[in-house]
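Hi there,

Here is the model I promised to pass on, with my notes below it.

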Amino acid sequence: MKILVVEDHEELAQNVHAYLEQEGYVCEVAENYHSALNKLGGFEYDAVILDLMLPDGNGLDILKWLKSNQSDMGVLILSAKNALNDKVEGLELGADDYLSKPFHFTELNARLKAIYRRRKLKGHDIIQCSNISINSETMEVKVGENLLELTRKEFELLLYFIINKNRVLTKQSIAEHLWGDYIDSLDSFDFVYQHIKNLRKKLMQAGSDDPIQTMYGSGYKFMVSE
Amino acid sequence: MKLIYKYTLWYLLISLGVFVVGSIITYQVMKREISREQERFLRERLTFVERMVDRRQPDSVLVRDKIRVEPLPQATAETEISYSDTVVMHSTLERMEPHTKLEVVREVAGKFYHISLYDVIVEQDDIIESVRESMIKVYLLLTGTVLLLGVFAGLYLFKPFNKTLNLIRNFDLDRGQPIRQIKTGTQEFDRLNQFLEEMTTKVQTDYNALKEFSENASHEMQTPLANAIGKLELLLNNPKLEAKESQKVMGALDSLRQISKMGQSLGLLTKIENREFANKAPLDFSTSVTRALDNFQELIDLKSITLERSITPHVEVIMDPNLADIMINNLLSNAIRHNERNGIIRTKVDESGFIICNTGKPPSAAPDSLFDRFKKDSNGRDGMGLGLSIVKKICDVSGFKIDYWYELNEHRLEIEFVR
């Protein structure tokens, strides 16, 4: 999957670049409006991560340009302005998703994968991870041949884990992934803990090993031996 | 009272005083002129009487109409003419009337006579009468004219002023247009309009700068924070990291997240204060609350809290939909956060307002200060103490009243829709 990151903060762009490469994406960085337009005009990407505030232009104009060129590229807006108008306008202009800064890399990864599934696979894909298989459209989960009955949140949690396998997921990022803005100021960790407990139990009952490793002090990791 | 009415009233009151003084002056001038005329007339009659005395040379007192001639027994000196006022029966009016009297001693054909004449041309009350009548008529005429002028001034002279007032009333910072100066041809209004243009241009620039600043501040702050958080999360994935070290990284992450949340909350407060959410429209408040409760249901269940809903359907309020969601979400997450296990949350929506109660420990701060910034309740672990100030600010800009109290082990927040 080929991604263009349009971000003017050099360090952050490098960070995202490094992270996405680790995750197996092919990634390029454009640091301003003009180089972004040049790259988008010259190369094909599967998705573009778009910062709205650029030193020489507005990210929304890039989005407009993409849409007027009938591009099939997925667009994820990444903005710190947190201005509701921007979010609404961006989504109305045809962006696939909106993520406000600061964000968790694992969340960025999950959103990019979701865009990819929706656009390229039209939702028809089976995600296979050791002996667990997930159909993201029908929400069907199997461990080996055993069907797993999961609640919606447990399903989302499992998908989030598998997309970010072998990575530390902080409780905060899990809580924000599951409950979005609502979790803001709630003591979310108990809730995360309960969901993980239930998911673990169901996975083990279906015959899986316990793949969720508790990282003392930091969070959880979904272990998959490659 | 309208300025023009005030002005007219003052004008009429003052001119009433002027008219009273004017009447007295007019009366006195007229009276002086009339008595001069009277004296001149009497002097003419005196010449006539002297001629008559010369002809007749009377030996006894001669009394004719308004003339009395008395021969003096011995020779004496002639005197100056003297005038005095006297009251005499008026021949035609048949009542006592003040008259002017002339007295003099004259030598006619070697004999001395005391001559007295009296007469009246215009009676005193006739003068008073005519002065009063003419003054009242003139005053009525003036009143009519001034009132007419008032109506005219209200309609035409104050037109540019009313126009300016309308412009001020419709002035909207969000529209980004200062009030443009209009030439009226009246010095005062032109100065007012010029001042308004300068002032609104200044306000507009300040407002835009502030808006831009808060957006930039958010961007400039959140981007480095995103960078720092990203780096720390990458660090967490380092397999060589010991548990103790990752705890420190987590601590740093926590603090960074708090700064970020605080920046967002302050940014939001500034935006609400700047009235950037001005999209007021009728909104089904019941639906908004129900939707929020459904979203929170899972979190409520996870804490084993009992939720009681008493929601009258389709309660309509006029407010910005984004602000409504922020307000309801803030109140609900507060009610969950400051609750206890197996606690209760009661929600009620009806035409008069929105009430949310929850069980929980009594607040450590004074109830009134809970709406202040950074006045956080010590029972809550996180939260910047901005949640309730945001709710308060939203109520302020939406024209609602908010009240908080704690009784019977319950926090009770009441928002009254002032319509």
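**Cavity and pocket**

The largest cavity has a volume of about 70 Å³. Before more detail, please note that this is a predicted model, in which local features need pLDDT of at least 70 and side-chain atom pairs count only at pLDDT 80 or more, while totals for chains, interfaces and linings use all residues. Residues are numbered from 1 along each chain as its sequence is written, chains are lettered from A and ligands numbered from 1 in the order in which they are written, and side-chain values use heavy atoms, with hydrogens and water left out.

The structure holds one cavity of 30 Å³ or more. On a 1 Å grid over the protein atoms alone, a cavity is a set of points where a 1.4 Å probe fits but cannot get out, a pocket is an open set with protein on both sides within 12 Å along at least five of seven lines, and lining residues have an atom within 4 Å of a point. Grid points are joined across faces, edges and corners, and the volume is the space filled by probe spheres set on the points.

Which residues line the largest cavity? From chain A they are A:Tyr19, A:Phe105, A:Thr106, A:Arg167, A:Val168, A:Leu169, A:Thr170 and A:Ser173, and from chain B they are B:Glu233, B:Leu234, B:Leu236 and B:Asn237. The elements that give two or more residues to this lining are α5 (105-120) and β12 (168-170) of chain A and α4 (187-236) of chain B. Helices (H or I, at least four residues) and strands (E, at least two) are DSSP runs, numbered from the N terminus. By class, the cavity lining has six nonpolar, four polar and two charged residues. Here Ala, Val, Leu, Ile, Met, Phe, Trp, Tyr, Cys and Pro count as nonpolar, Asp, Glu, Lys and Arg as charged, and the others, Gly among them, as polar.

The second largest pocket has a volume of about 630 Å³. Its lining is made of 24 residues, and A:Ala114, A:Arg152, A:Glu156, A:Leu159 and A:His177 lie nearest its centre. Two or more lining residues come from each of α5, α6 (152-163) and α7 (171-179) of chain A, with the largest share, seven residues, from α6(A). The lining of this pocket divides into 10 nonpolar, five polar and nine charged residues.

**Salt bridges**

Over all chains there are 36 salt bridges, each a side-chain nitrogen of Lys or Arg within 4 Å of a carboxyl oxygen of Asp or Glu. One of them joins A:Glu156 and A:Arg152 (3.2 Å, N to O). These two are about one helical turn apart, because four residues separate them in helix α6 of chain A. A:Arg152 is exposed, at 54% relative accessibility; buried means under 20% relative accessible area, exposed over 50%, and partly exposed in between (1.4 Å probe, protein chains only).

In chain B, B:Glu37 and B:Arg40 meet at 2.6 Å, N to O. Both lie in helix α1 (residues 3-56), three residues apart. B:Lys393 and B:Glu273 also form a salt bridge (3.4 Å, N to O). This pair links distant parts of the chain, 120 residues apart: B:Lys393 is in helix α8 (residues 387-398) and B:Glu273 in helix α5 (residues 243-273) of chain B. B:Lys393 is partly exposed at 21%, and B:Glu273 is partly exposed at 37%. Shared partners also join A:Glu7, A:Asp51 and A:Lys101 into one network of salt bridges.

**Backbone points to check**

Most residues other than glycine have a negative phi, and most peptide bonds are trans. The bond from A:Lys101 to A:Pro102 is cis, with omega near -5°, and A:Pro102 lies in the loop between β7 (97-100) and α5 of chain A. B:Ser304, not a glycine, has a positive phi of about 55°; its place is in the loop between α6 (285-302) and β7 (306-311) of chain B. B:Asn409 is not a glycine either, and has a positive phi of about 65°, in the loop between β11 (401-407) and β12 (410-416) of chain B.

Happy reading, and do write back with any questions!
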